[in-house]
Amino acid sequence: MTLINGLSGLFPQEGNIPEEFTISDPIVQRRYLCNGEMRIWDGPMQEVLSPVCVESEHGLQQRVLGSYPLLTEKESLAALEAACSAYGNGCGTWPAMSVEERIRHIEDFAFRMKEQRREVVKLLMWEIGKNLPDAEKEFDRTVDYIHDTVDALKDLDRTASRMVIEQGVIGQIRRAPLGVVLCMGPYNYPLNETFTTLIPALIMGNTIIFKPPKLGVLLHQPLLEAFRDSFPPGVVNTIYGDGQSIIGPLMASGRIDVLAFIGSSSVADILKKQHPKPHRLRCILGLEAKNAAIVLPDANLDLAVQECVLGSLSFNGQRCTALKILFVHRKRVDSFLGRFCEEVDRLICGMPWEAGVQLTPLPEAGKTGYLSDLIEDARSRGARVVNHRGGEIRGTFMRPAVVYPVSSGMRLYAEEQFGPVIPVCPFDETEEPMRYVTESDYGQQVSIFGTDPDVISGLIDVLVNQVCRVNVNSQCQRGPDRFPFTGRKDSAEGTLSVSDALRVFTIRTLVATKQNQTNNTLIGTILRERKSRFLTTDFIL
Ligand code: G3H
């Protein structure tokens with residue numbers, strides 16, 4: 001649907017939602033997974049509202065999708081107990097299992113997960129407003145990630161399946177699990193980003209407590225049985241509810257060994273401080289970012305516009321990797337803005353399931369109000385919205401706003417808007433955007449657009465020490481998943497990629513012995529008679 005004249009017809013009436021995408025009855029999820037059992041909660045529930053509104057005789061209303069349990073400290077600590085006992089100080093069934101056997105369990109889970117694709121994709125659309133192709137992509141990318149993780153682990157294990165002899169010492173070095181991992185993902189990739197920590201943590205022999213993000217909870221429900229049936233009891237446990245009530249006690253217990261959290265740095269700091277022995281806590285954090293695009297005077301504008309539209313507005317700008325501020329050289333800014341606004345205004349707004357839709361309603365409560373405040377602040381300091389009807393709101397939807405000229409002192413210059421508002425700053429000297437990147441609290445990625453090899457290489461050499469990925473004539477992004485994904489300053493802690501993730505959820509541990517007749521005979525017997533799961537030269541095929 002192209003809405004040229006306002007947003008009045010944007011949201012559907014109940015009867016106009018295509019049959020295959022409807023959710024006719026609210027999903028009342030009372031189940032949660034603890035110690036291998038599906039437990040039933042009969043306490044207070046959290047209502048789940050969709051970002052999708054429905055037109056009715058009572059006006060525009062957010063569709064009620066269902067509800068999930070608001071568990072308490074008691075259930076949360078029961079999940080912890082289950083995870084700790086499944087780990088059994090590293091002697092539980094799961095951590096003690098051979099790599100090959102753990103791989104079989106993970107593959108079984110992936111098989112069961114694939115059977116739930118339709119349901120999970122539908123919920124991704126309804127719960128967070130992700131359009132159909134992106135929701136399908138999120139699911140398929142996650143399944144691919146699982147298979148790639150299995151391949152990476154086989155490689156890692158093959159490398160470790162040999163003895164090393166150094167200075168008269170024989171050793172075998174492997175990676176061992178760390179213990180209980182608390183996994184919390186973000187609402188914008190509730191499935192993918194959660195699983196990019198949960199799966200590697202799991203496959204390496206850790207046990208898991210998993211709390212879905214505040215938005216994007218119900219979509220995990222179709223996978224609960226797969227978790228229960230694919231792993232020994234207590235290896236994966238799920239908790240739901242208010243973070244303060246259920247996460248605080250977990251951290252304060254001191255029994256969480258790894259915190260895998262994608263969210264804000266302020267919450268990450270609170271959680272870390274709650275741990276009584278912070279030196280025992282390993283953290284894998286994906287945090288805020290304010291990635292800049294720098295469009296140089298000699299940039300190929302077609303390419304720059306195309307990548308900046310994708311970079312700033314894919315999933316309505318709700319990606320940690322989104323381009324959140326565009327610096328454009330003053331010589332090209334008028335032509336850039338003309339083309340950029342034309343492309344932005346051409347994007348199709350609508351419901352997530354509608355063909356070709358690129359812009360959809362926003363799931364966070366109060367988000368359109370927050371974004372309007374940012375625009376107002378910029379307006380009051382001399383900027384304007386330069387695209388057609390940019391910033392127009394209907395219910396939970398906001399038409400993207402291109403705001404120009406943005407400068408320091410405006411909130412949009414520094415705050416991570418995480419939505420469809422694109423600040424554009426003109427610059428005369430390259431030092432200006434470079435200073436922005438250097439002085440920013442964030443350090444995830446940057447995109448530079450230009451064609452002069454001398455200028456581009458000069459910028460690359462400086463920027464690689466400010467951020468963790470410099471994209472040339474390309475938008476910022478996390479993928480491909482085999483590339484490292486991390487950030488400096490307030491943007492991340494730890495590095496994720498298919499292979500890096502296997503490392504971050506483990507510690508290297510080794511068996512060593514001085515070479516002499518007694519030890520050579522002993523080690524030889526253990527290997528030949530396959531007496532140890534650790535000390536073995538077995539090779540996974
Ligand atoms: O929200 C942050 C995601 O990691 C971004 O992933 O660049 O593939 O959209 P993406």
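**Reading cavities, helix packing and buried residues**

Guide: Let's start inside this predicted model: the lining of the largest cavity has five nonpolar, five polar and one charged residues.

Visitor: Which residues line the largest cavity, and what is its volume?

Guide: The volume is about 60 Å³. The lining is made of K290, N291, A292, Y436, V437, S440, Y442, G443, Q444, Q445 and V467. To place them in the fold, look at β13 (291-295), α15 (431-439) and β20 (442-443), each of which supplies at least two lining residues.

Visitor: How many cavities of 30 Å³ or more are there?

Guide: Two. The second largest cavity holds about 40 Å³, and its lining consists of Y68, K211, P212, P213, K214, V217, I239, Y240 and G241. By class, that lining has six nonpolar, one polar and two charged residues.

Visitor: What lines the second largest pocket, by class?

Guide: Its lining has 17 nonpolar, six polar and eleven charged residues, around a space of about 900 Å³. Of the 34 lining residues, V99, D157, R174, R175 and F534 are closest to the centre. At least two lining residues come from each of α2 (93-96), α3, α5 (132-160), β7 (169-177) and β25 (506-514).

Visitor: Helix α3 also packs against α6. What describes such a pair of helices?

Guide: The angle between the two axes and the distance between them describe the packing. Here, the axes of α3 (residues 99-114) and α6 (residues 192-203) come within 9 Å and cross at roughly 145°. On the α3 side the contact uses R102, I103, I106, F109 and M113, while α6 brings F195, I199, L202 and I203. Eight of these contact residues are nonpolar, none is polar and one is charged.

Visitor: Now single residues. Is S491 buried or exposed?

Guide: S491 is buried, because its relative accessibility is 2%, under the 20% cut-off. S491 sits in the loop between β23 (488-489) and β24 (492-493). A polar atom of the S491 side chain lies 2.7 Å from the backbone oxygen of E288. Beyond its sequence neighbours up to four places away, S491 touches L285, G286, L287, E288, A289, Y442, G443 and Q444.

Visitor: And V121, buried or exposed?

Guide: V121 has a relative accessible area of 5%, so it counts as buried. V121 belongs to helix α4 (residues 117-128). Leaving out residues up to four places away in sequence, V121 touches L132, A135, E136 and F139.

Visitor: How far is V121 from D140 in sequence and in space?

Guide: They are 19 residues apart in sequence and 9.8 Å apart from C-alpha to C-alpha.

Key
Residues numbered from 1 in each chain as written. Predicted model: local features only at pLDDT ≥ 70, side-chain atom pairs only at ≥ 80, totals over all residues. Heavy atoms only, no water. Helix = DSSP H or I, 4+ residues; strand = E, 2+ residues; numbered from the N terminus. Buried < 20%, exposed > 50% of the residue type's maximum accessible area, 1.4 Å probe, protein only. Polar contact = N/O pair within 3.5 Å; in protein donor to acceptor, adjacent residues only side chain to side chain. Contact = heavy atoms within 4.5 Å. Axes fitted to C-alpha atoms, helices over the stretch in contact; angles between N-to-C directions. Nonpolar A, V, L, I, M, F, W, Y, C, P; charged D, E, K, R; others polar. 1 Å grid on protein atoms, 1.4 Å probe; cavity = no way out; pocket = protein on both sides within 12 Å on 5 of 7 lines; lining within 4 Å. Points joined across faces, edges and corners; volume = space filled by probe spheres on them.
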